[in-house]
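Please look over the fold shown below. The report that follows takes it apart element by element.

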Amino acid sequence: MTVDYKILDRQLDALIGEENDLLAASANFVGLLFSEIHDINWLGLYILRGDELVLGPFQGQPACVHIPLGRGVCGTAAAEKRTIKVDNVHNFHGHITCDPNSKSEVVVPLIANGAVFAVLDIDSPREARFSEVDQSGLELLCQRFVKCLAKTKQDLLNFI
Ligand code: SME
């Protein structure tokens, strides 16, 4: 089974392209991706506040709320401003366990005006769940999401 990221990108645009409320758009972004991406057990946003990431809208089990910048997969992706794909979370030094069922993970930073303001985090109970195709597809969806948010009048760098 594969995800058609081009179709998902169009669905996302239809769902939030005209939405002016950051929180509502974020909640639907997370809801759409969680329902369309198979073999995952957690998907959500962490929002950058000062020098830590704070839990935002998500689907899955309750998760850790505060992640310092540079810590865990999320904090590392935010600090290094790049997507991090982990085939086996036990091999990632400093990985933060929220759901013990998670075996692989991908984190995509959300960037506006050159600055990271949040990350998208996705966990899977399957080892090596995320391919290069998933990575580029998720980056495309995140770019769409940021574009939709940027059309609102709310300040992305003081997100939600
Ligand atoms: N595993 C993440 C923490 C967040 S949870 O997976 C929801 C990390 O290492 O940053």
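Which residues of helix 4 are buried? They are Asp-134, Gln-135, Gly-137, Leu-138, Leu-141, Cys-142, Phe-145, Val-146, Cys-148 and Leu-149. Buried means under 20% relative accessible area, exposed over 50%, and partly exposed in between, with a 1.4 Å probe and protein chains only.

## Basis

This is a predicted model: local features need pLDDT of at least 70, side-chain atom pairs count only at pLDDT 80 or more, and totals for chains, interfaces and linings use all residues. Residues are numbered from 1 along each chain as its sequence is written, and side-chain values use heavy atoms, with hydrogens and water left out.

## Helix 4

Helices (H or I, at least four residues) and strands (E, at least two) are DSSP runs, numbered from the N terminus. Helix 4 covers residues 132–150. Its 19 residues should span 27 Å at 1.5 Å a residue, and the end C-alpha atoms are 27 Å apart, which agrees. The expected span is 1.5 Å times one less than the number of residues.

The buried residues of helix 4 pack against helix 1 (5–16), helix 2 (22–36), strand 1, strand 4, strand 5 and strand 6. Contact means heavy atoms within 4.5 Å. At the start of helix 4, a side-chain oxygen of Ser-131 comes to within 3.2 Å of the backbone nitrogen of Val-133.

Six strands form an open sheet in the order 3-2-1-6-5-4, with antiparallel pairing. Two strands pair if DSSP finds at least two bridges between them. Strand 3 (66–68) and strand 4 (84–86) are the edges, each pairing on one side only. Neighbouring strands are turned by 25° against each other on average, direction ignored. Axes are lines fitted to C-alpha atoms, for helices over the stretch in contact, and angles run from 0 to 180 degrees between N-to-C directions.

Strand 1 and strand 2 run antiparallel and share seven bridges. Arg-49 has Glu-52 of strand 2 as its bridge partner. Their hairpin has two residues between the strands, and Gly-50 takes a positive phi near 65° there. Strand 1 also runs antiparallel to strand 6, over six bridges. Trp-42 stands opposite Asp-123 in strand 6. Six of the eight residues of strand 1 are buried, so strand 1 is largely enclosed by the rest of the structure.

## Strand 5 and its partners

Strand 5 (residues 104–112) and strand 6 (residues 115–124) run antiparallel, joined by nine bridges. Val-106 stands opposite Ile-122, and Val-108 has Leu-120 as its bridge partner. The hairpin of these strands has two residues between them, and Asn-113 takes a positive phi near 50°.

Strand 5 pairs with strand 4 in the antiparallel sense over three bridges. Val-86 stands opposite Glu-105 in strand 5. Eight of the nine residues of strand 5 are buried, so strand 5 is largely enclosed by the rest of the structure.

## Helix 3

Helix 3 (residues 72–80) lies across strands 1 to 6, running at about 35° to strand 5. Seven of its nine residues are buried. They are Gly-72, Val-73, Cys-74, Gly-75, Thr-76, Ala-77 and Ala-78. Just after helix 3, Lys-81 takes a positive phi of about 55°.

## Nonpolar cores

A nonpolar core is a set of buried Ala, Val, Leu, Ile, Met, Phe, Trp, Tyr and Cys residues joined through side-chain atoms within 4.5 Å. The largest core has 34 residues, of which Phe-29, Ile-37, Phe-117 and Ile-122 touch the most other members. Two or more residues each come from helix 1, helix 2, strand 1, strand 5, strand 6 and helix 4. Helix 4 gives the most, with seven residues.

Beyond four places in sequence, Phe-117 touches residues including Ile-47, Leu-110, Val-146, Leu-149 and Phe-159. Another core of 15 residues lies apart from the largest one, with Trp-42, Leu-53, Ile-67 and Ile-84 among them.

## Ser-102

Ser-102 sits in the loop between strand 4 and strand 5. Ser-102 is buried, with a relative accessible area of 4%. Its C-alpha atom is separated by 5.2 Å from that of Ser-124, 22 residues apart along the chain.

The side chain of Ser-102 makes two polar contacts: 3.1 Å to the side chain of Asn-41, and 2.9 Å to the side chain of Asp-123. A polar contact is a pair of N or O atoms within 3.5 Å; within protein, one must be able to donate a hydrogen and the other to accept it, and residues adjacent in sequence count only if both atoms are side-chain atoms.
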